[in-house]
Amino acid sequence: MTTDWTTETKGTGEYAKVNGINLYYETHGAGRPLILLHGGLGSGEMFGPVLALLAQGHQVIAPDMQGHGRTADIDRPIDVRLIADDIAALIDHLGLKEPDVVGASLGGGVALHTAAKYPDKVRRLVAVSANIRPDAIYPEMRAQQRQVSAAAAEFMKDTPMYQLYQRVAPRPEDFPRLLDKIGESMAKDFDYSEEVRGLQVPTLIVAADADMAPPSHYVEMFKLLGGGLHDGGWMGEGRPSGGHALAILPGLTHYNIFSSPLFAAVTLDFLQEQPA
């Protein structure tokens with residue numbers, strides 16, 4: 001894997017005590033607040049070089065979610081709905097007024113649930129490579145997910161996930177525990193269709209053209225938001241009434257979309273538009 005999971009963009013790191021967790025977050029840049037949520041087994045650093053792009057005109061707040069990066073684990077499952085509560089509490093802790101929330105993979109699921117449960121706290125949502133049903137994921141990937149457990153820790157020592165964790169985690173020996181919790185989380189059945197259908201904030205669905213699920217899954221999510229059902233019209237009158245949008249990014253995968261300038265470009269373009 002050649003993904004660059006480090007960044008030269010240095011932010012200000014602090015901890016917030018929220019929901020019984022000592023949540024680490026970094027702040028980059030200044031401007032409209034943007035909460036940036038990393039994927040599973042990563043940290044805020046996985047956004048690598050695009051952090052500098054996103055921080056041009058935004059105050060980017062990049063938390064390390066439960067058990068990831070510099071945030072130690074607590075006695076609680078890793079669940080996107082629980083972590084969404086942490087993010088909502090962080091918004092309150094920092095006194096942010098309707099930040100934009102952007103997340104990739106696991107972070108995309110957390111971002112989606114934050115916006116769904118706390119629409120008054122979020123201005124716009126960007127959900128990247130977030131799947132709303134496990135059966136949408138390719139069968140061979142589901143088979144790999146079932147192998148994620150503490151027993152896999154030894155085989156992951158050459159991966160950027162392991163190396164990043166060893167470098168920054170407060171308890172580096174907890175990596176097998178994190179694998180167990182991530183594996184348990186991925187093994188559960190779920191269907192977040194109703195959460196997507198009920199989103200009240202303008203939402204951009206983003207995916208790679210060679211993602212963990214086929215492009216049709218992300219089109220399905222867009223349809224739940226009223227997109228892809230009509231011709232858009234000369235004046236855009238046929239677009240979804242909620243200001244929602246879809247972007248399938250070419251030449252990317254689930255494992256590098258979050259550090260791509262294309263991801264940064266479509267995100268910034270969507271966030272610059274006026275609220276619907």
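Which exposed residues does the face of α9 turned away from its buried side carry?

1. The model is a predicted one. On the question above, Pro-261 and Gln-272 are the exposed residues on the face of α9 turned away from its buried side.

2. The buried residues of α9 are Phe-263, Ala-264, Thr-267, Leu-268, Phe-270 and Leu-271. They lie on the same side of α9 because the arc they cover around the axis is only 165°. An α-helix has 3.6 residues a turn, so residues three or four places apart point the same way.

3. The length of helix α9 (residues 261–272) agrees with expectation: its twelve residues, at 1.5 Å a residue, should span 16 Å, and the end C-alpha atoms are 16 Å apart. At the start of α9, Ser-260 places a side-chain oxygen within 3.0 Å of the backbone nitrogen of Leu-262.

4. The largest pocket holds about 1100 Å³ of space. Its lining is made up of 42 residues, and those nearest the centre are Ser-105, Gln-145, Ile-182, Met-186 and Met-212. Two or more lining residues come from each of α2 (80–94), α3 (106–117), α4 (139–145) and α6 (175–187). Sorted by class, the lining of this pocket has 25 nonpolar, twelve polar and five charged residues.

5. Three cavities of 30 Å³ or more turn up in a search of the whole structure. The largest cavity has about 60 Å³ of space, and the second largest cavity about 40 Å³.

6. Eleven residues line the largest cavity, with Tyr-24, Glu-26, Gly-44, Glu-45 and Asp-64 nearest its centre. Both β2 (21–28) and β4 (58–64) contribute at least two residues to this lining. The largest share, three residues, is that of β2. By class, the lining of the largest cavity comprises three nonpolar, four polar and four charged residues.

7. For the second largest cavity, the lining consists of Gly-67, Gly-69, Thr-71, Ala-72, Asp-73, Tyr-165, Ala-169, Pro-170, Arg-171 and Asp-174. Four of these lining residues are nonpolar, three are polar and three are charged.

Key: Residues numbered from 1 in each chain as written. Predicted model: local features only at pLDDT ≥ 70, side-chain atom pairs only at ≥ 80, totals over all residues. Heavy atoms only, no water. 1 Å grid on protein atoms, 1.4 Å probe; cavity = no way out; pocket = protein on both sides within 12 Å on 5 of 7 lines; lining within 4 Å. Points joined across faces, edges and corners; volume = space filled by probe spheres on them. Helix = DSSP H or I, 4+ residues; strand = E, 2+ residues; numbered from the N terminus. Nonpolar A, V, L, I, M, F, W, Y, C, P; charged D, E, K, R; others polar. Expected span 1.5 Å × (residues − 1). Buried < 20%, exposed > 50% of the residue type's maximum accessible area, 1.4 Å probe, protein only. Arc of directions from axis to C-beta. Polar contact = N/O pair within 3.5 Å; in protein donor to acceptor, adjacent residues only side chain to side chain.
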